[in-house]
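Work through the exercises below with the structure in view, and try each task before reading its solution.

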2 protein chains.
Amino acid sequence: MSLNIQVTRTQHPKEKPDPNHLGFGDFFTDHMFVMNYTEGQGWHDPRIIPYAPISLEPAAMVFHYAQEMFEGMKAYKAPDGRVLLFRPDKNIARANNSNDRLCIPQIPEEDMLQAIKAIVAEDKDWIPEGKATSLYIRPFIIATDAHLGVRPSRTYQFYVILSPVGAYYKEGLNPVKIYVEDEYVRAVKGGMGHVKTGGNYAASIKAQMIAAERGYTQVLWLDGVHRRYIEEVGTMNVFFVIDDEVVTPALNGSILPGVTRDSAICMLKSWGIKVSERQIAIDELFEAAKEGRLREAFGTGTAAVISPIGELNWEGNIAPINGGAIGEISQKLYDNLTGIQLGLIPDTFGWTVEI
Amino acid sequence: MSLNIQVTRTQHPKEKPDPNHLGFGDFFTDHMFVMNYTEGQGWHDPRIIPYAPISLEPAAMVFHYAQEMFEGMKAYKAPDGRVLLFRPDKNIARANNSNDRLCIPQIPEEDMLQAIKAIVAEDKDWIPEGKATSLYIRPFIIATDAHLGVRPSRTYQFYVILSPVGAYYKEGLNPVKIYVEDEYVRAVKGGMGHVKTGGNYAASIKAQMIAAERGYTQVLWLDGVHRRYIEEVGTMNVFFVIDDEVVTPALNGSILPGVTRDSAICMLKSWGIKVSERQIAIDELFEAAKEGRLREAFGTGTAAVISPIGELNWEGNIAPINGGAIGEISQKLYDNLTGIQLGLIPDTFGWTVEI
């Protein structure tokens with residue numbers, strides 16, 4: 001049974017932002033999707049309404065206990081006018097994994113997809129068409145019970161908001177400098193690192209600020225148990241090209257299973273490149289760099305797609321990568337991933353979904 | 001310089017709840033304290049206004065990245081009519097530690113105390129006077145920038161809301177059954193476990209629900225590195241009486257430095273009882289239980305004050321404690337702590353602050 005979405009259109013459409021100065025996550029479209037959950041009743045009242053403030057009790061549990069989850073995906077406008085989503089099934093499955101870890105009620109996958117398609121279709125004129133631009137889609141759920149005391153909320157609100165965006169990093173495709181974090185920990189097995197929830201990001205801000213003060217764009221996280229094995233970079237998964245092999249940390253329970261990560265692995269393998277998902281020690285990585293065997297490094301994520309890494313700093317040891325320039329594999333992955341996402345090249349993987 | 005607090009009183013005072021059926025955290029008083037932060041301007045516009053919903057952009061960072069902190073404290077009405085706070089300086093110092101970890105701007109200690117005193121004085125008629133009741137005080141800060149993308153917010157709101165409360169656990173002072181958690185992890189050194197922020201609580205809900213399904217009130221958390229050393233119990237610190245010594249986990253960077261924990265340690269020492277803050281392995285604890293040397297166990301926290309533990313379950317091994325009855329030390333601590341908090345006995349520690 002599909003959702004019966006009620007639509008209330010804005011009487012005051014906003015002016016669209018300059019497509020050449022979008023930044024990331026600062027502009028929002030005319031409408032949003034909303035649906036409520038009430039214990040005993042389930043998810044109800046799916047609706048598209050004008051984008052407007054949310055009104056919540058000060059005691060709403062999301063403010064105190066961070067029972068909240070989100071997803072991030074993008075819609076693109078192909079040159080032939082088609083509106084494309086990229087592997088929405090993966091984001092939707094992950095959303096329900098996040099819900100499970102956070103004791104938030106599941107949303108049927110087909111309902112979530114219908115909601116996302118409906119709101120993107122409603123505001124499709126907001127999809128920017130400039131280079132490296134897209135419409136960022138942010139589904140999220142917040143706990144709304146007005147209650148102090150730790151337990152799962154009995155009421156929730158599910159939103160989908162949309163933001164026309166440019167590049168996530170001001171560097172664009174220019175390689176970023178990364179600081180290896182050895183004091184703060186993002187997540188540990190048994191925690192929430194494998195799902196998308198606010199607490200993981202709250203935990204990460206301080207290290208990011210310290211790295212920024214030192215002139216680095218992001219941090220490379222090490223595991224919280226041994227403080228030795230590589231986990232993620234900033235808010236992205238991380239890949240290294242060592243000799244003729246691409247290596248990336250295995251999904252171990254504290255790493256986010258990124259959709260772009262999975263797509264990069266599939267694409268690299270389709271090109272006949274060897275990809276290993278395994279444990280990578282930071283000392284092993286620096287040893288490879290010293291020996292000239294670390295040829296490329298890059299992050300993957302929905303926001304930046306591919307973000308090349310030009311330098312690593314681990315306790316004062318500097319490892320320059322590929323002379324600070326984008327590597328061949330990084331560039332080829334970026335071109336092909338964004339090519340498929342934008343409908344510029346044939347999608348031989350069956351990843352794009354037309355709205 | 002003290003805050004110039006503007007006061008707007010409600011035109012519609014609410015009916016006060018039945019003091020015999022308060023529960024915990026479900027009722028809120030007539031007013032709340034609010035203050036805004038804007039980058040470049042600092043904290044501004046301190047005010048007391050009627051308790052009412054908060055209106056925020058759907059993109060407000062608190063909903064997505066859980067950049068939020070809170071505190072919990074209580075106000076009591078003494079038999080002679082004085083309104084008492086308990087060690088507010090400790091909560092306020094911890095609040096700024098939480099702010100530091102979360103990259104939230106500090107609030108001057110004297111301003112936070114002034115705000116708390118002002119709102120409690122405003123709604124002092126809401127302080128319940130029944131047995132085991134008090135006015136729970138919840139200061140909290142939320143990140144309010146409408147921005148998708150991980151960075152510290154540039155705007156915040158600081159609130160203090162008040163809730164007349166009864167016992168936190170329905171068991172009251174009757175010992176609770178505790179399940180030793182060996183799958184999920186609350187926090188790890190380098191994370192946020194030592195400060196009071198939503199993410200820690202979001203991470204804890206699932207284990208709590210699984211324990212509840214098994215008939216246990218709370219979980220006992222083990223450390224995330226070795227999965228062996230005891231950290232906290234539910235949302236409280238934990239103490240054990242082994243032989244003639246009281247032991248509690250040392251503050252190691254992943255444990256919350258509880259105000260009730262510190263008070264219990266001071267009080268026990270003042271009675272000439274030996275207290276050790278150290279690493280405690282779960283196997284050591286069960287060995288002591290088997291040998292009949294584990295005489296008492298209890299949690300400490302602002303909400304429940306002292307919560308006796310009557311049984312521990314670790315991977316199916318059951319350790320009954322003190323025949324499931326409250327122990328002598330637990331009872332004496334509860335009587336003396338609540339006695340001082342309520343102004344029933346002389347405060348030889350100088351802990352209470354009169355409003």
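**Exercise 1.** Find how much area chain A and chain B bury between them.

*Solution.* Chain A and chain B bury about 5,200 Å² between them, and 62% of this lies on carbon and sulfur atoms; buried area is the accessible area (1.4 Å probe) that two parts lose on being put together, summed over both. On the side of chain A, the residues that lose the most area to chain B are A:F63, A:L148 and A:V150, which together make up 13% of what that side buries. The model is predicted, so that local features need pLDDT of at least 70 and side-chain atom pairs pLDDT 80 or more, while totals for chains, interfaces and linings use all residues. Residues are numbered from 1 along each chain as its sequence is written, chains are lettered from A and ligands numbered from 1 in the order written, and side-chain values use heavy atoms, without hydrogens and water.

**Exercise 2.** State how many residues each chain brings to the contact.

*Solution.* With contact taken as heavy atoms within 4.5 Å, 61 residues come from chain A and 61 residues from chain B.

**Exercise 3.** Count the salt bridges between chain A and chain B, and locate one of them.

*Solution.* A salt bridge needs a side-chain nitrogen of Lys or Arg within 4 Å of a carboxyl oxygen of Asp or Glu, and the count between the chains is 2. One of them joins A:D100 to B:K206, with the closest N and O atoms 2.8 Å apart.
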